[in-house]
Amino acid sequence: MRALVIDDSSTTRMILRRMLGEIGFDDISDATNGQEGLDSLIAGPTPEVVLVDWNMPVMDGYEFVKAVRAKPEYDNTPLMLVTTETELDRIVAALEAGANEYVMKPFTRDVIEEKLALLGLESH
Amino acid sequence: MTAVLGISQWRDSMLEATDEVAQSSLMLDAVTVREAPSPLPRDLPGSYIPLVGEDYNYEFGLAAKWEHCEYLAKTLLFMDPGDEISDDDIADAMNELANMVGGGVKKRMAEIDTTLKLGLPAFFNGTVHPTAEQEHVCVIATAGEAEIYLIALKHKAPL
């Protein structure tokens, strides 16, 4: 299974890479902002899921979600927002823009696994 | 005008949020607490994150002696004590911890001030002392082998 992790924090990228690896993802790429993530997505291959941070320089998670959903070829690519934001309206805005799920920091591997299962991605 | 958060109201929120992060992300036992000395010790690097309200600016800091920052970073990153870690990765891990704890503080303080917005964390390689224009509160939380200074700064004058 392939995953793309987009976060400006190397710490979060490392944590998510490790958790996703334990869950069964064997091809994990990462990017440090939304634009880099978008470029990586377009360069392919298309991942089974994209985990994207909310607060990032250059292009934030919300703009990334809008940019991906503007491309019909990625209509079926699940996007999961990873955020510390606690404002319901911002989460709703991201979901309305096309994000499929969200997870709040701090998170555990179990939480990530549960959210992936909601997207139909079962651990191996 | 929004409700003004008294500096003492930060104490419980900081501790609850730190406890939550310690148990969920660091897999450490619940934190224990004592009051911090005044003035703060020298050489206390840490990460600070702004919480900006409609009427007041606040700042939350998570600081520790360097070896404790290293311990927290390695714990967060599932590393062994003897593993090599760069200074940049330690700073980034401290920023991420401040981000997570700051989010928890904001969630709790938002019950009083609904206008708070969380900014981006910044790491400082030394003690950040409050200025004459700032009120502050500081407690020391112990999580695992680390002593963490939890610092809240509030600008006395409204925006």
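This is a predicted model: local features need pLDDT of at least 70, side-chain atom pairs count only at pLDDT 80 or more; totals for chains, interfaces and linings use all residues.
Reader: What do the side chains of A:E22 and A:R18 form, and at what N to O distance?

Author: Side chains of opposite charge can pair when their charged atoms come close. A salt bridge needs a side-chain nitrogen of Lys or Arg within 4 Å of a carboxyl oxygen of Asp or Glu. The side chains of A:E22 and A:R18 form a salt bridge, with an N to O distance of 3.1 Å.

Reader: Which element of chain B supplies the largest share of the side that touches chain A?

Author: The contact takes 18 residues from chain A and 20 residues from chain B. There are 7 residue pairs in polar contact between the chains, both residues being at pLDDT 80 or more. On the chain B side, at least two residues each come from helix 1 (9-24), strand 4 (117-118) and helix 3 (87-109). The largest share, 9 residues, comes from helix 3.

Reader: How much area do chain B and chain A bury between them?

Author: The side of chain B that touches chain A has 9 nonpolar, 4 polar and 7 charged residues. Carbon and sulfur atoms hold 57% of the area buried between the chains, and the area is about 1,600 Å².

Reader: Which residues are closest to the centre of the largest pocket?

Author: The largest pocket has a volume of about 230 Å³. Its lining of 15 residues has A:D8, A:S9, B:E96, B:L120 and B:P121 closest to the centre.

Reader: Which element gives the largest share of the lining of the largest cavity?

Author: The largest cavity has a volume of about 110 Å³. Residues from both chains line this cavity, among them A:T12, A:K105, B:E96 and B:M100. Helix 1 of chain A and helix 3 of chain B are the elements that give two or more residues. The largest share, 3 residues, comes from helix 1 of chain A.

Reader: How many charged residues does the lining of the second largest cavity have?

Author: The second largest cavity, of about 60 Å³, is lined by residues of chain B, including B:V21, B:L97 and B:I148. Helix 1 of chain B gives the most, with 3 residues. By class, the lining has 8 nonpolar residues, 1 polar residue and, as for charged residues, none.

Notes. Residues are numbered from 1 along each chain as its sequence is written. Chains are lettered from A and ligands numbered from 1 in the order in which they are written. Side-chain values use heavy atoms; hydrogens and water are left out. Contact means heavy atoms within 4.5 Å. Buried area is the accessible area (1.4 Å probe) that two parts lose on being put together, summed over both. A polar contact is a pair of N or O atoms within 3.5 Å; within protein, one must be able to donate a hydrogen and the other to accept it, and residues adjacent in sequence count only if both atoms are side-chain atoms. Helices (H or I, at least four residues) and strands (E, at least two) are DSSP runs, numbered from the N terminus. Ala, Val, Leu, Ile, Met, Phe, Trp, Tyr, Cys and Pro count as nonpolar, Asp, Glu, Lys and Arg as charged, and the others, Gly among them, as polar. On a 1 Å grid over the protein atoms alone, a cavity is a set of points where a 1.4 Å probe fits but cannot get out, and a pocket is an open set with protein on both sides within 12 Å along at least five of seven lines; lining residues have an atom within 4 Å of a point. Grid points are joined across faces, edges and corners, and a volume is the space filled by probe spheres set on the points.
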